[in-house]
Amino acid sequence: MEQYSDRLKTRLNDDAYEFRRESFISFLKSPVRDYKESPTVKDYVEISESELERMANGEPGTPFSFSQNKYTGNIMVSGTDLKLDKSLAEAGVGVFSLSGFRRNDNPELFKTVFSERGRERIEFLINSAWSQGLVVNIPAGKNVSLTSTTITAADESGARKTVVICGDDSMVEYADKYFTEGNGNGVQGKNIYFILGKNAKVKYMYLQDKASTVTDITFVRQIMEKYSEFNFYHINHGSNKVLFSDESVQNGDSSDFRVYGVNFSSDKQKMDIRDSSFQVGKKSTAEIFVRGVVTGSSSTIHRGNIDLEEVSINSSGFYDSKILLLSKDGYANSKPGLMIKNSNTRSKHGSSISNVDPEQIFYLRSRGIDIKTARNIITGGFVGSMIERANNKEFTDKINEYAESLDIDAYF
Amino acid sequence: MEVEYSKEEEMEKLLEDLRKSSVRKEDWEFHDNLKPIYSTGIGLNKSVVEEISEIKKEPDWMRRFRLKALEIFLSKPMPTWGPDLSGIDWENTNYYNRPDDVKSKSWDEVPDQIKDTFTKLGIPEMEQKYLAGSVAQYDSEGVYHNLKKVWEDKGVLFMDLDSAVKEHPDLVKNYFCKAVPATDNKFAALNGAVWSGGSFLYVPKGVRIDMPLQTYFRMNGEATGQFEHTIVVADEGSKVHYIEGCTAPRWDKDSLHSAIVEIYAHKNSEARYTSVQNWSKSVYNMPTKRAWVDENAKMEWVGGSLGSKVTMLYPSSYLRGRNASTHNLNISLAGPGTVKDTGAKAIHLAPNTSSRIVAKSISIEDGKAIYRGLLRMNKGAVHSKSHVQCDALLINDESQSFTYPHDEIYEPTATFGHEATVGKIGTEELAYMRSRGLSEDEASSMIVLGFLDDVMKEIPMEFAVEMNRLIKLEMGKLGSVG
């Protein structure tokens, strides 16, 4: 990381320098997590120090081009380009590049954008090293629908930071998609922060389908005020190594956090999917449902904590993980945790790992459906039930496409 | 003649029974002013280990094993992933205390003072009533062991491990530290270096013992360590139920209990291990308990973890043969100021194996109950099944509960489920029971004992009664139960 410290010094004129420096200090102070309690250390998705260095220092990708019809969205990010649909400005939504954002542009907003430094080691590093990013500012009381598509070169390494500010009483529907073009083994990190005002209601849909050689590191955090609601639908399909971490910070009373996540790991992919709640506000609720499908010689780990602090009285938390292990060389692991620090709460977690139920297969086969299709139908239903709730056609189609293309080799 | 039923008389009788059975903390927190006849003094080094081996007149292989284990112990760092263990004072702990020179098969030969202690704890009485045999250990050495003749005739061996090393060295060598090698963890290495006492139980092929066998451990000294090593071998087709009970007086300086329990359930055998631990609140309780379960064998762990300052205990079963199964039932009670980091491990290594883990915990006042477990299904453990359930009850506002399960599945045909709940006594449940005429105390008491019922009914009756009393006693301070 010595190289990175030097790089940080070159950013002295950056308005966010203080924020970057503090984040880097937090990164240095955070211990490297080890999982000695588990005998299978090698199976966790480990991001090596050299990979982190590549991400922090950044490596430019090969220039690429793509057909305009392939990707859709009213916010298009490709490489360093940012294209915005006119409708956004008309709707009063402010969207601009984070790297061009100066304190004097809007001191109040600047302070809000850089108010959260995160809690995880790599998250600190991304907060210190980001070179590109986006600020989406949705004023109070607005009702908007956004679709953002981010395309990067597969051999590009770097860190991004996106901050979405949802004003009081706003209603936001946000579909956020990440793809790559070309080949390469870039290390791509990103922090996505949502700052929700009082009574803000957000439906956030996330899709990651990058090339199978990329390392993708993502931290999503929701800072939630009183009565705010956050519904999160996430799909992880691409990349070679995926470290996806999502954690709410429910400071406000009666905040409501719901997560419906799906991941598909195939070939040699390794996926570490973490969904947690950190509940401080009274009467706050968190419900997390995650589904995973493992094929090939891939591995999926689901981790999630329900963390109810001393003051979060009358709160509740629920975490539920289910993984379909559909291959004899695959590996599935779940590590749900409950951290309950006050007794006036209700919390639960459940997790299960198994193959497709043979009785369900038998039923479908008795209706004349061949075994491969039967398995795909059941798997499709297993993951589809999560994402269909979002009521977004593109996401539902994607899930069906992924489920149908699964190569299931498990024996019964 | 018709007996007239009188409700008042019945109540009076019940109350009288309750008065008689009331347990007081002093009943087991007393300590004797017995000076050990031999002690290695405080601190641990090579010469202390050699001294222990010397006074036990052990064979050379054991002496070398102890020294190797000491090296491992010194080289391993303290585990930092669990509760705070900084209170363990390695320098000022006494690693070996011998209470007396006698190892007896008759109570009459046991020194009076020690006999009194065990009589107060009710050991001889229990033995007469319902045990097939028992061993009593006081500080570092076993002071009494006895086995009913009928079992002795069938070839059952039950004695303290020191005697077994001398009398059956080959048999002991076959099993000693095979399931729990000294390299396993820091505390297992410590036990390897300074172990003393513990039981050796061998049940030959086809022998099915229908009465339980018991060892009672008593730690008397201040700032001492008890490092017993227990080996239970259930040979092919045999059946055995082994029980352990532990107590210690309360001292100002903390003591350390770091035991090893190894259980070998051979083909078609059934082994059950029950332990009720009620160490006083100055004891760090760090045992390592593990079972090797072979084809068609059945292993059951039943545990009650009530006392101690900090407990870290994860009884594990290695399911090594086809159709092997394990049940693990555990109750832990985290009283005020204590930490219970308990759980279970089941490692599925063969086809059609099954495991079931039920863990219940109660946190009182600022007590902290933690469930930490590992469930692993290796590739090839086809059609294996497992279910893990951990429930926690928080009694006071400041009570805390944490759950950290680790579930690792490498086998696609395996089925695995895990669930956990944390909550407090529901107001709706209370309101319902009160509407049926129960007082609030009676209602909470009923809910707490009902919460523990799954595990309680698996515990032998005498122990269940003792545990019920102990739980009531711990909770009685809050006026909520009992």
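Predicted model: local features only at pLDDT ≥ 70, side-chain atom pairs only at ≥ 80, totals over all residues.
Residues are numbered from 1 along each chain as its sequence is written, and chains are lettered from A and ligands numbered from 1 in the order in which they are written.

**Exercise 1.** Determine which strands pair with β21(B).

*Solution.* Step 1: strands are DSSP runs of E with at least two residues, numbered from the N terminus, and two strands pair if DSSP finds at least two bridges between them. Step 2: strand β18 (residues 316-319) of chain B pairs with β21(B) in the parallel sense over four bridges; here S317(B) stands opposite A346(B). Step 3: strand β23 (residues 368-377) of chain B also pairs with β21(B) in the parallel sense, over four bridges, and M377(B) stands opposite H348(B).

**Exercise 2.** Explain why helix α10 (residues 186-194) of chain B is described as largely enclosed.

*Solution.* Step 1: a residue is buried if 20 or more other C-beta atoms, placed from the backbone, lie within 10 Å of its own; helices are DSSP runs of H or I with at least four residues. Step 2: the buried residues of α10(B) include F187(B), L190(B) and V194(B). Step 3: eight of the nine residues of α10(B) are buried, so the rest of the structure largely encloses this helix.

Key. Buried ≥ 20, exposed ≤ 12 C-beta atoms within 10 Å, placed from the backbone.
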